[in-house]
Amino acid sequence: MKAKTRRRAVASWTPDGIGDLTGRTALVTGGNSGIGLETGRVLARHGATVILAGRDRAKLDQAAAELRAAQPAARLETAVLDLGSLASVTAAADRLAHSRTIDVLVNNAGVMNIPERRTTADGFELTFGTNHLGHFVLTAGLMPALRRSPAARVVAVSAIAATWRSGRLDDLMSEERYGAMRAYAKSKRANVVFTQELARRLAHTNTTAVVVHPGAALTNLQRHNQGLLTRIVIAAARNVAMGSPEGASWPSLYAATSPDIVNGGFYGPAGRDQTSGTPKRLALPRGAGDPAEGLRLWRASERLTGVSFAF
């Protein structure tokens, strides 16, 4: 009976049900546009201090100004942070970790469908380096700030691509074979596997780690899609499939604020084909909860970045 009650509660959840977040601080990567901006907007509306993080100072300032115009009382800050540069990530984390308490970290930013293989400032394949390794280093660096919170939460934003067979975690740098969406699927599966291993390591601490996928939404991630077929698909999707950043932010917001969240849980839209709808807990992609795979990815991430977590 209790389980049925919980399912009904999740089925009726909307961001309007978020409680007062005054006194809590949330950092959202990719907070200047799309799902990240909408996530920050709603958290600020409910009283949280929101740190919008991104790599472009001008775009961050513009986003903060937009939110303040709509919500003059919003508590907003910005942090310049380029996930494609470990030096940038480490510097930003150091600035925050030693002086702030962070209650919610939303690892939201990402790149998608890069036409040709490119690399980050540190020589990592760009999609995997940005979407996974950058957030791995950021989360490690912010652990002191998260530990100061009485109930911290790390939310990783994955994608339904994490369920694709092409996303298996081998050839992490795509040196043997590169495919734009294969690299994206691999990075999104890494988000899920990393979160499972992080949740295991955070068990019995004050911090919870969860992962979400937002369904389908047209955001700045699609800016690299240049092919004719892709443009046709996107044009059709505007009318029939893909939702808005507002709706796509619901899983992140639910994961960041709901008291029903389970450590290591995977949450996404409950609607048809998981493209949209109210958030619910989902089954993990096949094999993503395997501790052996989690340990392999964790050790590879430490080796590649030279960064380890201090729990």
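Colleague: What does a side-chain oxygen of Asp 290 reach at the start of α11?

Modeller: The backbone nitrogen of Ala 292, to within 3.0 Å. Bear in mind that this is a predicted model.

Colleague: And what comes just after α11?

Modeller: Gly 306, with a positive phi of about 75°.

Colleague: What should the 15 residues of α11 span, and how far apart are the end C-alpha atoms?

Modeller: At 1.5 Å a residue, residues 291-305 should span 21 Å. The end C-alpha atoms are 21 Å apart, so the two agree.

Colleague: Which residues of α11 are buried?

Modeller: Glu 293, Gly 294, Leu 297, Trp 298, Ala 300, Ser 301 and Thr 305. Seen down the helix axis, the buried residues fall within an arc of 165°, so they line one face of α11.

Colleague: What is exposed on the other side of α11?

Modeller: Three arginines: Arg 296, Arg 299 and Arg 303.

Colleague: Which helices do the buried residues of α11 pack against?

Modeller: α4 (86-97), α5 (126-141) and α7 (180-202).

Colleague: New topic. Which residues touch the most other members of the largest nonpolar core?

Modeller: Leu 27, Leu 142, Leu 198 and Phe 309, out of 47 residues in that core. α7 gives the most to this core, with 7 residues.

Colleague: Take Leu 142. What is Leu 142 in contact with, leaving aside neighbours within four places in sequence?

Modeller: Leu 27, Ala 93, Leu 96, Ala 97, Ile 102 and Leu 105.

Colleague: How many residues are in the second, separate core?

Modeller: That core has 30 residues, including Leu 37, Leu 52, Val 212 and Ile 261.

Terms used. Residues are numbered from 1 along each chain as its sequence is written. This is a predicted model: local features need pLDDT of at least 70, side-chain atom pairs count only at pLDDT 80 or more; totals for chains, interfaces and linings use all residues. Side-chain values use heavy atoms; hydrogens and water are left out. Helices (H or I, at least four residues) and strands (E, at least two) are DSSP runs, numbered from the N terminus. The expected span of a helix is 1.5 Å times one less than its number of residues. Buried means under 20% relative accessible area, exposed over 50%, partly exposed in between (1.4 Å probe, protein chains only). The arc is that of the directions from the helix axis to the C-beta atoms. Contact means heavy atoms within 4.5 Å. A polar contact is a pair of N or O atoms within 3.5 Å; within protein, one must be able to donate a hydrogen and the other to accept it, and residues adjacent in sequence count only if both atoms are side-chain atoms. A nonpolar core is a set of buried Ala, Val, Leu, Ile, Met, Phe, Trp, Tyr and Cys residues joined through side-chain atoms within 4.5 Å.
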